[in-house]
Amino acid sequence: MKKNRRVSMTGKRITLQQAAEIIKDGSSLTFSGFTIWRRPFALVFELIRQGRKGLHLIEVNGGPQTEFLVGAGCVDIWESCWVGHELYGKYGANLSRKVGNKEIIVEDYSHAEMMFRFAAAASGAPYAATQTSLGTDLHNPEYDMLGRAGLRDGERIPKHKYVFTEDPFYGAGKQVLVPAAKIDVAVMCVQQVGEEGTVRVNGQFYSDPEAARAADITIVMAEEIVPEEYLRRESDRNTIASFEVDYILECPFGAHPTGMFGRYDVDGAFLKDFYGRTRTQDGFDDFAKEWIHGQDHHSYLEKLGWPRMLNLKANTALNYSTGVKRGQ
């Protein structure tokens with residue numbers, strides 16, 4: 001659970017640039033969303049512009065945000081299970097390239113183990129017990145990459161990747177203890193946040209509540225900041241409590257090119273272009289020069305153009321765009 005909660009319930013609003021500055025070189029970092037939905041891209045791009053280095057990504061699953069940060073050379077360590085882009089590419093060419101060149105350390109867990117690690121951290125437990133992945137090479141000591149690199153300090157990085165034990169309560173046999181995820185900053189990308197930090201996610205909220213509670217600092221980037229009184233009218237629809245959020249910012253279309261349920265669809269053409277052009281480092285650098293560097297979020301949206309963004313805009317009755325052809 002959080003170690004450093006803000007005492008004040010007000011004054012949480014910051015800018016996109018300030019949010020990026022909170023994430024220091026070497027920080028451990030996680031994100032909201034799943035695969036190509038609700039990834040905080042406006043902040044990801046700002047981190048790349050500011051030249052952040054040495055990041056340690058700890059993700060329930062990777063996605064396009066992983067590929068951008070890794071391709072830009074911002075990441076030294078990636079702990080997760082897989083990188084997924086749904087229709088737009090199963091694997092990450094940028095991550096694969098960096099691994100092949102020995103420029104990044106990858107610590108591999110199963111998807112379930114990653115979720116258990118976040119759940120343990122969110123509840124304040126030091127580890128979780130599971131039988132997930134028993135008998136697989138995920139538990140081969142040869143694949144303890146952080147251990148082989150001599151980075152297991154027992155502080156922010158656990159002393160062990162896993163520990164085997166026997167169930168002492170019901171005799172259920174061998175168990176695997178996996179360490180809680182220690183995260184400096186979680187960045188959420190959502191539809192609405194209240195002025196005091198209450199979060200409302202429309203549609204699936206995935207592992208967002210666990211991520212927010214696991215991190216020392218939680219930053220929420222929302223399509224809009226709304227009055228807390230409005231959110232309290234239907235409090236059962238809210239996802240994350242205000243006291244679990246440290247900073248908020250308003251950033252329309254902040255998830256682009258990923259989608260925001262009920263607001264806009266995934267920009268499939270943009271992602272296809274990205275994956276097609278960034279199979280080499282030179283290709284990534286050219287793409288970043290065109291779409292990331294030398295601009296801010298507003299000029300990025302201007303470059304995309306309103307016809308494109310209006311085409312992605314969701315129909316409020318259907319929650320998806322009727323102008324986008326499926327798979328594009």
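Against which helices and strands do the buried residues of α2 pack?

## Basis of the model

This is a predicted model, in which local features need pLDDT of at least 70 and side-chain atom pairs count only at pLDDT 80 or more, while totals for chains, interfaces and linings use all residues. Residues are numbered from 1 along each chain as its sequence is written, and side-chain values use heavy atoms, with hydrogens and water left out.

## Helix α2 and its surroundings

The buried residues of α2 pack against α1 (16-22), β1 (28-31), α3 (64-71), β8 (183-194), β10 (215-226) and α11 (297-304). Helices and strands here are DSSP runs numbered from the N terminus (helices H or I, at least four residues; strands E, at least two). Helix α2 (residues 41-49) is largely enclosed by the rest of the structure, because nine of its nine residues are buried; buried means under 20% relative accessible area, exposed over 50%, and partly exposed in between, with a 1.4 Å probe and protein chains only. The buried residues of α2 are Phe41, Ala42, Leu43, Val44, Phe45, Glu46, Leu47, Ile48 and Arg49. Glycine 51, which follows α2, has a positive phi near 70°.

## Nonpolar cores

The largest nonpolar core has 53 residues, and those with the most contacts inside it are Leu29, Phe68 and Leu69; such a core is a set of buried Ala, Val, Leu, Ile, Met, Phe, Trp, Tyr and Cys residues joined through side-chain atoms within 4.5 Å. Helix α2 gives the most to this core, with seven residues. A second, separate core of 31 residues includes Tyr109, Ala120, Val193 and Ala214.

Not counting residues up to four places away in sequence, leucine 69 touches Phe31, Val44, Leu47, Ile48, Leu57, Cys74 and Val75, where contact means heavy atoms within 4.5 Å.

## Cysteines

A search of the whole structure finds zero disulfides, a disulfide being a pair of cysteine sulfur atoms within 2.5 Å. Cysteine 74 is in no disulfide, and the nearest cysteine sulfur, that of cysteine 251, is 18 Å away. The sulfur of cysteine 189 is 7.5 Å from the closest cysteine sulfur, in cysteine 251, which is too far for a bond. Cysteine 74 counts as buried at 1% relative accessibility, and cysteine 189 is likewise buried, with a relative accessible area of 1%.

## The second largest pocket

About 250 Å³ of space lies in the second largest pocket, a volume being the space filled by probe spheres set on grid points that are joined across faces, edges and corners. Of the 17 residues that line this pocket, the closest to its centre are Pro126, Pro158, Lys159, His160 and Pro179. On a 1 Å grid over the protein atoms alone, a pocket is an open set of points where a 1.4 Å probe fits, with protein on both sides within 12 Å along at least five of seven lines, and lining residues have an atom within 4 Å of a point.

Strand β7 (residues 174-179) supplies the largest share of the lining, three residues. By class, the lining has 10 nonpolar, two polar and five charged residues; Ala, Val, Leu, Ile, Met, Phe, Trp, Tyr, Cys and Pro count as nonpolar, Asp, Glu, Lys and Arg as charged, and the others, Gly among them, as polar.

Valine 226, in strand β10, is buried with a relative accessible area of 8%. Leaving aside neighbours within four places in sequence, valine 226 is in contact with Gln192, Val193, Gly194, Glu195 and Leu231. Glutamate 228 lies in helix α8 (residues 228-232) and counts as buried at 4% relative accessibility.

Asparagine 61 sits in the loop between β2 (55-58) and α3 and counts as buried at 3% relative accessibility. Not counting residues up to four places away in sequence, asparagine 61 touches Gly33, Phe34, Thr35, Arg39, Ser80, Cys81, Trp82 and His111.

## Backbone geometry in the loops

Most residues other than glycine have a negative phi, and most peptide bonds are trans. Arginine 38, in the loop between β1 and α2, has a positive phi near 55° and is buried, with a relative accessible area of 2%. Lysine 102, in the loop between α4 (93-100) and β4 (105-108), has a positive phi near 60°, but counts as exposed at 79% relative accessibility. The peptide bond from histidine 256 to proline 257 is cis, with omega near 15°, and proline 257 is found in the loop between β11 (247-250) and α9 (268-277).
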